[in-house]
Amino acid sequence: MRTICRYLMRPILGNVAISATAHAIRSFIRADDLIFRWGGDEFFIVMLGFDEQQARFRMSELNSILTNINLYGLTEKISIKVSFGFAKFNSIGNLEKAVQTADAKMYEAKQAKKQAKETSKISYSAISQTTAR
């Protein structure tokens, strides 16, 4: 998001891009999923009952949704690229560890994209809960 602000020289557009991303996430998560803003340009999503493969499939849609979008204040379409990390948890007792793991994986993906010089990105961490059997 900082890249959008610097590149476009319009700090307000960062907030518009964050809002567009939140709207895109809400468009495909289930009513039982939880979404939180996790820092400046990061989101944290809890998908209950999903394994990592299901969560990854669901979140892979986000980059497609955010491709060639119109943002208020711009005359040209832009694409917002997201970085993500996943971790599962089986109980509330290991939720903190899952959050740390997902955040670390997201950071690794974000760094890889930064090296590839993406022009805009929003990051989120997602975790899924599996039920103990």
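The charged end of Arg30 lies over the ring of Phe50, 3.9 Å from its centre; a charge sits over a ring if NZ of Lys or CZ of Arg is within 6 Å of the ring centre and within 35 degrees of the ring normal. This is a predicted model, in which local features need pLDDT of at least 70 and side-chain atom pairs count only at pLDDT 80 or more, while totals for chains, interfaces and linings use all residues. Residues are numbered from 1 along each chain as its sequence is written, and side-chain values use heavy atoms, with hydrogens and water left out.

Rings of Phe, Tyr and Trp (its six-membered ring) pair if their centres lie within 6.5 Å, and planes under 30 degrees apart count as stacked, over 60 as edge-to-face and the rest as tilted. By this rule there are two aromatic pairs. In the pair of Phe36 and Phe44 the ring centres are 6.2 Å apart and the planes are at 35°, so the pair is tilted. Buried means under 20% relative accessible area, exposed over 50%, and partly exposed in between (1.4 Å probe, protein chains only). Phe44 is buried because its relative accessibility is 5%, whereas Phe36, at 39%, is partly exposed.

Helices (H or I, at least four residues) and strands (E, at least two) are DSSP runs, numbered from the N terminus. The buried residues of α2 include Leu13, Ala17, Ile18 and Ile25.

Asn68 is in the loop between α3 (52-65) and β3 (81-89). Its phi is near 55°, a positive value in a residue other than glycine. Most residues other than glycine have a negative phi. Asn68 is partly exposed, with a relative accessible area of 48%.
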